[in-house]
Amino acid sequence: MGLLALGTPLAWDEAKKHADQVRDLGIKIWNKYRKNERDVLLWGDEIEYLVVSYDEETKNACLSLRQAEILAELANDENLRKAGDGVPDQGPAHVSEPLPTFHPEFGRFMLEATPGAPFGLTWKDLLAVEGNMRLRRTIAKEHMAENEAPITLPSFPILGTKGVFTQPYYPPTGSKSRSQFIPDEAINPHIRFPTLAANIRSRRGMKVAINMPVFYDENTPRPFNDPTIDYDRHLYPEDDDVRNGAAKEGHIYMDAMGFGMGCCCLQITFQAKNITEARRLYDQLCPLGPIMLALTAASPIFKGFLADVDVRWNVISGAVDDRTEEEKGLKPQKDNRYVIPKSRYDSVSTYISQDPGLRSEYNDLDLVIDKGIKQRLVDNGMDERLATHFAHLFIRDPLVIFQETLDEPPDDKADHFELACKNIQSTNWQHMRFKPPPPGGNIGWRVEFRSMEIQVTDHENAAFAIFIVLLTRAILSYGLNFYIPISKVEPPYQVDENMATAHHRDAVLTKKFWFRKNLFPPRKPASDGSQTPAPSCPGTPPPVEDEYTLMAIDEIMNGRQEEFVGLIPLIESYLNTVNVDVVTRCELARYLSLVSKRASGELQTGATWIREFVRNHSNYKKDSVVSKSINYDLIKAVEALGNGQGREAGLGDKLLGKVN
């Protein structure tokens, strides 16, 4: 989430008047930062926690709303302050061995934790990742109440149910979200967050409407009509939404930003050496987004019901969908300029690299762009492809504008490109994010990989982080090419394509995904008769449709006989070419093995493990309902696994493998 600005946020009716001014600020400083160079490739992860609170008398596990108090405790920790970390801007910093840094998130029940300093590419740094994640969990717990704990779970199973699911309890009657299910008090009170929730609702003209298909078990009512909806509530005009059909039959209905932005994920950010390398990494990691979403699936429960999906993505997508009916194409254009095919939170819509391997046929979507913005970017020295990317992002309006920022000249404000990005780019929550350098610092061009679900244990989170890092090394070392037509990644245009496929229950084992057949660059004979990589393919390239095919995730990760090499064998091949000692290689093999076994089905995904836990619980009535008692036992099990407990008794064997 980063640092949060203070100021006077504008309500939507006023903010929309300044939308073009915010766009202008980003354009004005493009030339100043486009040539930034950094010699060292750095990276870091972001871990997001749910903070749970136990009531042992009633056997209830709730969300603790003490984020501010916990962050204050962390900020006042003398050891963290001396190490230069804790909570930025809440205490003095001194450079030393950096301890983790903690940040607020949208949910008042959430914490974000990052390493105190970026990781490098040394083997020592890679092997330090899991220990650093464990340290973050330990430090967070030490600054919580005795009955509180940090857990790494994408979504809290009973968020929004009837009854008590937060501590303290508040009724869901707030004016910002106007939700039937989640109180405004569950939102981080920093003015940016309730303003964001209110402005999304105001802009679209109604509450958000999230409908996730219910999992039909033996005793689930057919048809299923969400029994938690109050059709007789008349607190706000938006209460008419459900009477006008916002809730779908057979679906779990959610009506607030908190359902989506209250989810946790695992994100990896890379600093490239320059803009060219950053754009290449952005493109090559893009097709991996849906694959890694399915492979890390851990979200089978929403609002107290088992869902017929395994991941959080569409919940968040619906939670921040601020499009009006005109922008959805449901009404003729009158007050809006564009018909926009998807939410602000969705998959990438265009490749941006200048790599010669990027054929024009891969960018095969009819992209909606702001033509005026694109021309101005080109006039300011931005190339056509990158200008198209930003012109597509800038069709969105900024959602939160602080009056004080508008009043300052661009040269006096350190985050004016960040302002444009924070209000437009960073509220386009795509599965990849291309991040320009923040002005005034020594940070370079960055790429953020955003699709992965948070995992129950630090070992899993470290495994997936290390896998992605090693894959980027193989991509750059071997010049790998993962390009497929962007429409195969992008669901609004092809409903059966990769991002939509990733949502299916047990997609990792039952579904196939579009993936490139040959990942290596074209090769040409050398003078000695050997094969060497060629910079470009001579002659006429093959038809694009011959370059990709449907593959199971097991095939993508582990290979398919002699037809496809597999990403993990590729990483192992890369490791064979660099100087890695035996001990380090064995440690890395542990992480790669977990990813490999998840792909093959030898180990369960988090979603499958959670679903099985619920369905095997003695109190489960085979009616899709996750009761308070089931939730309590599930959260206790998740906490135990996160703390490395219960493994000797067999807890988590199907998720992590048996203890040797």
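**Cavities and rings**

Colleague: How much space lies in the second largest cavity?
Modeller: This is a predicted model, where local features need pLDDT of at least 70, side-chain atom pairs count only at pLDDT 80 or more, and totals for chains, interfaces and linings use all residues. Residues are numbered from 1 along each chain as its sequence is written, and side-chain values use heavy atoms, without hydrogens and water. A cavity is a set of points on a 1 Å grid over the protein atoms alone where a 1.4 Å probe fits but cannot get out. With volume taken as the space filled by probe spheres set on the points, the second largest cavity holds about 50 Å³.

Colleague: How many charged residues are in the lining of the second largest cavity?
Modeller: Lining residues have an atom within 4 Å of a point, and here they are Ser 155, Phe 156, Leu 159, Phe 259, Gly 262, Cys 263, Phe 302 and Lys 303. Asp, Glu, Lys and Arg count as charged, and Gly is among the polar ones. The lining has five nonpolar residues, two polar and, as for charged, one.

Colleague: Which helix gives the largest share of the lining of the largest cavity?
Modeller: About 60 Å³ lies in that cavity, and its lining divides into three charged residues, one polar and five nonpolar. Helices are DSSP runs (H or I, at least four residues) and strands likewise (E, at least two). Three of the lining residues come from residues 192–204, helix H7.

Colleague: Are the planes of Phe 106 and Phe 193 stacked or edge-to-face?
Modeller: Rings pair if their centres lie within 6.5 Å; planes under 30 degrees apart are stacked, over 60 edge-to-face and the rest tilted. Phe 106 and Phe 193 have ring centres 5.8 Å apart and planes at 85 degrees, so the pair is edge-to-face.

Colleague: How many residues apart in sequence are the parts that Phe 181 and Tyr 253 tie together?
Modeller: Phe 181 and Tyr 253 form an edge-to-face pair, with 6.1 Å between centres and 75 degrees between planes. Phe 181 lies in the loop between strand S6 and H7, and Tyr 253 in strand S8, so the pair ties together parts whose separation is 72 residues.

Colleague: Is Tyr 253 buried or exposed?
Modeller: Buried means under 20% relative accessible area and exposed over 50%, with partly exposed in between (1.4 Å probe, protein chains only). Tyr 253 has a relative accessible area of 1%, so Tyr 253 is buried.

Methods
1 Å grid on protein atoms, 1.4 Å probe; cavity = no way out; pocket = protein on both sides within 12 Å on 5 of 7 lines; lining within 4 Å. Phe/Tyr/Trp six-rings, centres within 6.5 Å; stacked < 30°, edge-to-face > 60°.
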